Amino acid sequence: MELEFITAGQIVNTHGIRGEVKLLPQGVEPDLLAQCDPLYIGGRPFSPAARRVHKGCLLLRLEGVDDMDAALALKGKTVSIRRADAPLPAGEFFDEELVGLTARDAETGEELGKIDQVLTYPAHKIYAVRGGKDEYLVPAVPAFIAAVNLPGGTVEIHMIEGLGTHS
């Protein structure tokens with residue numbers, strides 16, 4: 001599903017006394033997120049005056065957020081980016097874009113369900129496909145993912161025996 005805005009994470013805390021915030025990325029790599037400008041908080045654009053990746057989080061000093069009180073007011077807020085501001089290499093997608101896609105067997109065309117959730121693990125991501133006759137946990141690697149068609153709303157999966165779990 002093509003989206004104009006992608007949820008990029010949540011501000012989980014302040015950092016220091018000069019108005020920095022700590023952004024925990026969700027479904028977006030911190031290094032990619034560090035390149036995005038502006039960031040959207042509550043629909044309002046904020047330009048980062050300074051940014052750095054620290055322990056899997058992004059530490060930001062935002063224009064107009066000059067002290068700890070202003071930073072504290074942003075705690076718990078969701079941060080989004082415009083999809084057009086964050087180009088990905090061909091064949092890569094944001095997790096939020098994949099949720100809701102119809103999963104099909106690449107060989108037979110049979111509908112398996114919809115991607116309900118993208119789970120992140122150290123080795124790779126896993127697509128949870130639900131809503132069909134079985135539930136599938138599909139590793140998001142080329143051996144299993146034949147094709148992703150965002151405009152068409154589908155993902156083609158190479159099925160192997162034992163991939164599904166009977167509900």
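## Exercise 1: A glycine in a loop

Gly100 is partly exposed, with a relative accessible area of 37%. The model you are looking at is predicted.

**Task.** Find where Gly100 lies, and name the residues that Gly100 touches beyond its sequence neighbours up to four places away.

**Solution.** 
- Step 1: Go to the loop between helix H3 (95-98) and strand E8 (102-105); Gly100 lies there.
- Step 2: Check the cover. A value of 37% falls between the limits of 20% and 50%, so Gly100 is called partly exposed.
- Step 3: Look for contacts, leaving out residues up to four places away in sequence. Gly100 touches Lys114 and Ile115.
- Step 4: Now pick out Arg130. Gly100 and Arg130 are 30 residues apart in sequence, and their C-alpha atoms are 9.9 Å apart in space.

## Exercise 2: The whole protein

**Task.** How many helices and strands does the protein have, and what percentage of its residues count as buried?

**Solution.** 
- Step 1: Count the elements: there are three helices and 14 strands.
- Step 2: Turn to burial. The protein has 167 residues, and 38% of them count as buried.
- Step 3: Picture a box around the C-alpha atoms, taken along the principal axes: roughly 60 × 25 × 25 Å.
- Step 4: The accessible surface is about 9,200 Å², and carbon and sulfur atoms hold 50% of it.
- Step 5: Finish with the charges. The protein has 16 positive and 24 negative charges, and the mean positions of these two groups are 9 Å apart.

## Exercise 3: Two nonpolar cores

**Task.** Which residues touch the most other members of the largest nonpolar core, and which elements give two or more residues to this core?

**Solution.** 
- Step 1: Start from a general idea: in soluble globular proteins, nonpolar side chains tend to be buried together.
- Step 2: Find the largest nonpolar core, which has 23 residues; Leu33, Leu39, Leu62 and Ile81 touch the most other members.
- Step 3: List the elements that give two or more residues to this core: E1, strand E2 (20-25), H1, E3, E6 and strand E7 (78-82).
- Step 4: Look around Leu33. Beyond its neighbours within four places in sequence, Leu33 is in contact with Ala8, Leu23, Pro25, Val28, Leu39, Leu58 and Ile81.
- Step 5: Look for another core, apart from this one. That core has 15 residues, including Leu98, Tyr136, Leu150 and Val155.

## Exercise 4: An aromatic pair

**Task.** Is the pair formed by Phe5 and Tyr40 stacked or edge-to-face?

**Solution.** 
- Step 1: Note that the count of aromatic pairs comes to one.
- Step 2: Take the ring centres of Phe5 and Tyr40, which are 5.1 Å apart. Ring centres must lie within 6.5 Å to pair.
- Step 3: Take the angle between the planes, which is 80°. Angles over 60 degrees count as edge-to-face, so the pair is edge-to-face.
- Step 4: Phe5 is in strand E1 (residues 5-15) and Tyr40 in strand E3 (residues 39-41), so the pair, 35 residues apart, links distant parts of the chain.
- Step 5: Compare their cover: Phe5 is partly exposed at 35%, whereas Tyr40 is buried at 14%.

## Exercise 5: Backbone details

**Task.** Which two residues does a cis peptide bond join, and what is the phi of Lys55?

**Solution.** 
- Step 1: The cis peptide bond joins Asp37 and Pro38, with omega about 5°.
- Step 2: Pro38 is in the loop between helix H1 (30-34) and E3.
- Step 3: Lys55 has a positive phi of about 55°, although Lys55 is not a glycine.
- Step 4: Lys55 is in the loop between strand E5 (48-54) and strand E6 (57-62), and is exposed at 77% relative accessible area.

## Exercise 6: A buried loop residue

**Task.** Is Val65 buried or exposed, and what is Val65 in contact with?

**Solution.** 
- Step 1: Find Val65 in the loop between E6 and helix H2 (68-72).
- Step 2: Its relative accessibility is 4%, and buried means under 20%, so Val65 counts as buried.
- Step 3: Leaving aside neighbours within four places in sequence, the contacts of Val65 are Arg18, Gly19, Phe46, Ala70, Ala71 and Leu74.

Note on methods:
Residues numbered from 1 in each chain as written. Predicted model: local features only at pLDDT ≥ 70, side-chain atom pairs only at ≥ 80, totals over all residues. Heavy atoms only, no water. Helix = DSSP H or I, 4+ residues; strand = E, 2+ residues; numbered from the N terminus. Buried < 20%, exposed > 50% of the residue type's maximum accessible area, 1.4 Å probe, protein only. Areas by Shrake-Rupley, 256 points an atom, 1.4 Å probe, with all protein chains shown as cover. Lys, Arg positive; Asp, Glu negative; His and termini not counted. Charge placed at Lys NZ, Arg CZ, Asp CG, Glu CD. Phe/Tyr/Trp six-rings, centres within 6.5 Å; stacked < 30°, edge-to-face > 60°. Core = buried A, V, L, I, M, F, W, Y, C linked by side-chain atoms within 4.5 Å. Contact = heavy atoms within 4.5 Å.
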